[in-house]
Amino acid sequence: MTDRSDNSNIAFQGAIGAYSHLACQQAYPAMRPLHCETFDAAFEAVQLEKAALAMIPIENSLAGRVADIHHLMPHSKLHIVAEHFQRVVHNLLAPKGATVDGLTTVHSHIHALSQCRELISELGLKTVVHADTAGAAADIAKHGDTSQAAIASALAAQSYGLDTLRAGIEDAEHNTTRFVVLAREPIELDRVGGPTITTFVFRVRNVPAALYKALGGFATNGVNMLKLESYMLDGNFTATQFYADIEGHPAQPPVARALEELGFYTHNVDILGTYPANPFRHQNGRPEGL
């Protein structure tokens with residue numbers, strides 16, 4: 001992690017030119033992106049006031065949930081204050097002088113490689129998996145081998161001086177990553193100030209029908225649940241934690257009643273944030289925008 005220490009910074013995990021870096025630029029163009037090696041380091045940058053915000057990917061429309069984030073966020077004690085949807089446009093990048101016909105191998109993150117299968121198959125390229133897309137681009141630029149290419153963002157091409165041989169090579173046009181923006185303090189939202197998302201985690205009691213009863217309050221109070229995911233705690237098969245997104249503000253009576261009923265059947269309910277719903281959710285008549 002680079003060492004700047006002012007609140008004009010926004011932290012992200014990954015190499016310079018990563019899609020998280022691009023998300024920072026697009027959502028907060030006036031802030032300085034702060035590169036961090038790990039998600040823990042990005043959280044710590046905010047906790048230690050080296051950054052005001054952290055831009056954290058939470059799910060992708062093709063690859064699904066980003067590993068470990070659901071575990072890490074509750075322990076960070078940070079608060080979700082916004083969400084951002086980033087369209088993922090993959091590009092075939094190579095050193096200066098390279099041509100498509102001269103390529104033999106393509107490097108990238110495993111998800112990026114799987115999301116560009118059609119072009120990789122068409123060109124008959126061997127694949128090499130890297131930890132991230134931008135790191136793959138950096139390696140290609142460092143070695144300068146014109147038979148080697150990377151799949152990464154346009155920002156990565158700009159950052160490492162690579163040529164774009166093909167743009168927009170992803171198989172699916174809806175490839176989009178949802179990010180959450182974390183801060184040290186929650187934001188104050190008017191409960192009638194527009195579409196709102198509330199995110200929380202909870203663990204139900206280990207009794208029959210506990211989950212069914214816990215969620216009943218959302219149905220009976222007309223609260224729309226946008227997402228519900230489960231994951232194990234500490235490798236314990238009987239300790240399952242749930243991550244949920246709902247529409248609404250905890251101060252709104254229907255949401256307050258639903259959360260109160262949830263509390264009857266859970267060990268704990270930890271609200272991670274209440275924040276404005278991004279307009280992307282309602283584009284083209286597709287509620288989730290994906």
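Predicted model: local features only at pLDDT ≥ 70, side-chain atom pairs only at ≥ 80, totals over all residues.
**Entry 1**

I looked up Lys77 and found it in the loop between H3 and strand E5 (79-87). Helices (H or I, at least four residues) and strands (E, at least two) are DSSP runs, numbered from the N terminus. Residues are numbered from 1 along each chain as its sequence is written, and side-chain values use heavy atoms, with hydrogens and water left out.

Lys77 is not a glycine, yet its phi is positive, about 65 degrees. I wrote beside this that most residues other than glycine have a negative phi. Lys77 counts as exposed because its relative accessibility is 62%. The cut-offs are under 20% relative accessible area for buried, over 50% for exposed, and partly exposed in between (1.4 Å probe, protein chains only).

Ala209 also turned up, with a positive phi of about 65 degrees although it is not a glycine. I located Ala209 in the loop between E12 and H8. Its relative accessible area is 41%, so Ala209 is partly exposed.

**Entry 1: H2 against H3**

How do helix H2 and helix H3 pack? I found an angle of about 20 degrees between H2 (residues 39-47) and H3 (residues 69-76), with their axes 11 Å apart. Therefore H2 is roughly parallel to H3. Under 35 degrees counts as roughly parallel, over 145 as roughly antiparallel, 65 to 115 as roughly perpendicular, and the rest as oblique. The axes are lines fitted to C-alpha atoms, for helices over the stretch in contact, and the angles run from 0 to 180 degrees between N-to-C directions.

I noted the crossing of H2 and H3 as right-handed. In a right-handed crossing the near helix is turned clockwise from the far one by less than a right angle, and in a left-handed one anticlockwise.

Next I listed the residues that meet: Phe39, Asp40, Phe43 and Gln47 from H2, and Ile69, Leu72, Met73 and Ser76 from H3. Contact here means heavy atoms within 4.5 Å. The residues of this contact divide into 5 nonpolar, 2 polar and 1 charged. Ala, Val, Leu, Ile, Met, Phe, Trp, Tyr, Cys and Pro count as nonpolar, Asp, Glu, Lys and Arg as charged, and the others, Gly among them, as polar.

**Entry 2: the nonpolar cores**

Which residues of the largest nonpolar core touch the most other members? They are Ala11, Ile56, Met73 and Leu182, out of 27 residues. A nonpolar core is a set of buried Ala, Val, Leu, Ile, Met, Phe, Trp, Tyr and Cys residues joined through side-chain atoms within 4.5 Å. Elements that each supply at least two residues of this core include H2, H3, strand E3 (53-60) and strand E11 (176-183). H2 gives the largest share, 6 residues.

**Entry 3: H8 against H9**

I turned to helix H8 (residues 210-220) and helix H9 (residues 253-264), whose axes come within 7 Å and cross at roughly 170 degrees. H8 and H9 are therefore roughly antiparallel to each other. On the H8 side I listed Lys213, Ala214, Gly216, Gly217, Phe218 and Thr220, which meet Ala258, Leu259, Glu261 and Leu262 in H9. The contact of H8 with H9 divides into 5 nonpolar, 3 polar and 2 charged residues.

Ala219 lies in H8, and it is exposed, with a relative accessible area of 65%. From the C-alpha atom of Ala219 to that of Ala258 I noted 8.3 Å, although 39 residues separate them along the chain. Tyr212 is in H8 and is exposed, at a relative accessible area of 69%.

Is Ala23 buried or exposed? Ala23 is buried, because its relative accessible area is 0%. I placed Ala23 in helix H1 (residues 19-27). Leaving aside neighbours within four places in sequence, Ala23 is in contact with Tyr28, Met55, His84, Gln86 and Phe179.

Asn278 is in the segment after E15. Its relative accessibility is 18%, so Asn278 counts as buried. Not counting residues up to four places away in sequence, Asn278 touches Glu83, His84 and Phe85.
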